[in-house]
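Welcome! Take a moment to look over the chain before reading on.

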Amino acid sequence: MTFQYGSDDPSIKNPFKREGILYLASGTIILALGIISLFALRNQMVATGQAAGWLNLAICLILLAGGVAYVTKGLLQIFRFYVGRGIPSSISKNEARSEKHVYEAGVAYSAEDLDQMLTGRKNITFREPSTLLDRMVYSLYPKMLFLPYSMRNYLHVLIQNTGYSLIALLIYLLALLSSSLGLTQLTNSSFSSWLGIGLACSLLLMWLFNTLSVKHTHSTRLLGGKGRIVWVILLSILIPAIGEIALRQGVQFPEAPVGPALHLIALFLIIPILVAASLTLAKFRSELYEPLTEVSEFREHWQENVHPKDFFRSLDMELANLRYKEYPNRIYRELSPNLNMEGSMDKGSFVGDTIQETQPVYEELAYPPLFQQLRLYTAVFGHLLVVLSAVLLFVTNRQHIDGLDGTLLFDGIFFPLLLWIFGSAAQTLSHLFWAEMHFSSYLIHFQGEGTYTESKLSVGMAITDSTRSENTFVRTSFSPWLLVSRLMTSTQAGSGAGNLAGPRFVTSMHRADDLLDHLVGKIRRYLGDREIIATTISNKDLGAIQTIYAFNESAPSKEAIEKLDKPELKKSISRIGDEDGDGSNGESKD
């Protein structure tokens with residue numbers, strides 16, 4: 001879904017200006033380091049040889065690519081935030097005629113899901129955590145269950161990586177402790193150093209590939225565990241055990257190039273900072289609103305002299321009047337009532353329903369000042385780590401002038417990669433809370449069924465009437481069921497094209513008694529104003545009827561009837577009738 005222009009726009013401000021400034025500043029620094037490295041590349045290749053030259057070229061390209069990417073992202077976030085008429089995305093497939101051609105990839109629900117949510121007064125968006133580690137953390141902060149999916153997916157990956165890291169570290173420390181107590185021989189050789197290096201590298205790769213990125217966490221479903229914790233525990237136990245067996249068999253391990261202590265300390269110093277910031281922001285966010293599931297409901301039995309389709313048509317017209325800035329409603333189940341004949345053409349049954357959502361209106365939440373400060377500090381912390389990572393790469397590049405060194409090469413790769421991974425994770429964390437946008441809308445579910453019978457009504461059937469009306473009217477027994485709820489929905493905004501095309505989730509459902517009363521009152525008024533007898537309202541038709549009436553008044557038949565009503569004529573007819581009653585014909589008898 002791309003930008004769709006209209007004269008009215010939703011007037012949504014750009015939420016990424018501060019974040020864009022941070023990206024632009026850090027990207028400028030990284031790009032400057034890359035340009036400086038590029039100018040010094042030729043001299044380095046001549047002085048250090050081909051191998052170091054290729055490494056220096058790789059570092060230059062990394063710095064240049066990272067700087068350009070950050071500057072571009074910062075500019076995109078600072079530029080105008082385009083908002084079209086099609087935003088935000090629908091919560092289900094939009095079946096409106098004007099929107100059927102629009103493809104919306106981020107649809108989180110189906111029409112059946114919305115029917116289930118309104119009828120059952122429940123929100124199927126919220127699902128319980130599936131993994132052991134998630135359940136442990138969510139037990140401490142129960143309201144985090146009601147966070148949007150992107151935030152919950154971020155917490156899932158963070159908790160999973162942190163748990164695996166702590167389990168591996170604990171087993172590593174137990175192995176060293178058992179060796180220091182004389183139970184094993186791990187610390188009597190360099191295998192313990194190799195074991196620490198392997199632990200640091202494997203954990204770093206785990207955080208790298210199970211990344212905390214926007215693309216990974218932005219999904220229409222919750223991420224779940226796959227039983228990996230068993231493999232983590234198993235490998236953490238087997239590797240020290242294999243090393244102990246090898247040492248007892250007399251295997252000699254070479255000296256480790258570096259000591260792993262500093263690498264592990266740096267890793268397990270940054271992890272708690274990221275976890276503390278994530279849980280604090282998530283806790284603040286989860287307490288901003290109550291996840292209500294309230295629905296306003298109307299059920300009744302009506303009997304009206306209208307056609308069954310008039311009920312549905314009256315509601316459809318009233319829903320069309322609820323438009324916001326002439327935005328059409330989102331139709332998730334199209335109104336198409338079905339009439340079924342039952343043995344004859346003058347009686348039958350009918351059923352029909354529709355689910356519609358009014359245009360979502362943007363609502364800006366009032367975040368607490370402490371939350372806003374923590375979000376900003378987290379973003380600054382993430383950008384500082386990334387810039388420091390670029391500085392370490394630049395320094396490593398300058399130190400390679402004297403030739404390649406194994407220790408320097410390992411440190412020059414490990415520490416910049418460590419800082420970049422957790423700096424990017426902190427940037428993603430702050431971005432999720434900057435990009436969240438809230439919308440308010442009404443979700444209406446109308447369903448009805450009943451029976452109908454047809455009858456005929458004729459007016460003006462007297463012998464003297466020149467105008468008559470024959471009408472076939474329908475007597476309908478209707479059972480309407482109207483469910484209305486005011487939804488609060490949440491979506492993640494992005495930069496560039498399709499900035500609000502992501503999935504939109506229902507976070508709370510509130511009663512909407514005022515809208516329910518309005519719709520019922522309008523339908524009642526519409527049905528009360530219906531005409532059963534067909535008449536005319538045209539001035540020409542009224543003139544023609546008056547002319548026909550004048551002809552009828554001057555007709556001979558009309559004059560004869562008026563003479564019959566005169567008293568003298570009635571007395572004469574009465575005398576004649578009396579004489580005929582005596583059996584005489586009016587003549588004398590001789």
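## Two helices side by side

Helices α6 and α7 run roughly antiparallel to each other, because their axes cross at an angle over 145 degrees. This is a predicted model, and in it the axes of α6 (residues 149-180) and α7 (residues 191-209) cross at roughly 175° and come within 10 Å.

Which residues of α6 and α7 meet? From α6 come Leu158, Asn161, Thr162, Tyr164, Ser165, Ala168, Leu169, Tyr172 and Leu176, and they meet Ser192, Leu195, Gly196, Leu199, Leu203, Met206 and Trp207 of α7. Sorted by class, this contact of α6 with α7 holds eleven nonpolar residues, five polar ones and no charged ones.

## Annotated spans

The unreviewed UniProt entry carries the annotation "transmembrane region" for several stretches, including residues 21-41, 154-179 and 191-209. Two of the annotated stretches are set out here.

| Span | Helix | Strand | Distance between end C-alpha atoms |
|---|---|---|---|
| Residues 21-41 | 95% helix | 0% strand | 30 Å |
| Residues 191-209 | 100% helix | 0% strand | 26 Å |

Around the largest cavity you will find Pro148, Tyr149, Ser150, His218, Ser219, Ser490, Thr491, Gln492, Pro503 and Phe505. The elements giving two or more residues to this lining are α6 and β8 (469-492). The largest share, three residues, comes from β8. By class, the lining of the largest cavity has six polar and four nonpolar residues, with no charged residues.

How values were computed:
Residues are numbered from 1 along each chain as its sequence is written. This is a predicted model: local features need pLDDT of at least 70, side-chain atom pairs count only at pLDDT 80 or more; totals for chains, interfaces and linings use all residues. Side-chain values use heavy atoms; hydrogens and water are left out. Axes are lines fitted to C-alpha atoms, for helices over the stretch in contact, and angles run from 0 to 180 degrees between N-to-C directions. Helices (H or I, at least four residues) and strands (E, at least two) are DSSP runs, numbered from the N terminus. Angles under 35 degrees count as roughly parallel, over 145 as roughly antiparallel, 65 to 115 as roughly perpendicular and the rest as oblique. Contact means heavy atoms within 4.5 Å. Ala, Val, Leu, Ile, Met, Phe, Trp, Tyr, Cys and Pro count as nonpolar, Asp, Glu, Lys and Arg as charged, and the others, Gly among them, as polar. UniProt positions are given in the numbering used here, feature names are shortened, and annotations may be inferred rather than shown by experiment. On a 1 Å grid over the protein atoms alone, a cavity is a set of points where a 1.4 Å probe fits but cannot get out, and a pocket is an open set with protein on both sides within 12 Å along at least five of seven lines; lining residues have an atom within 4 Å of a point.
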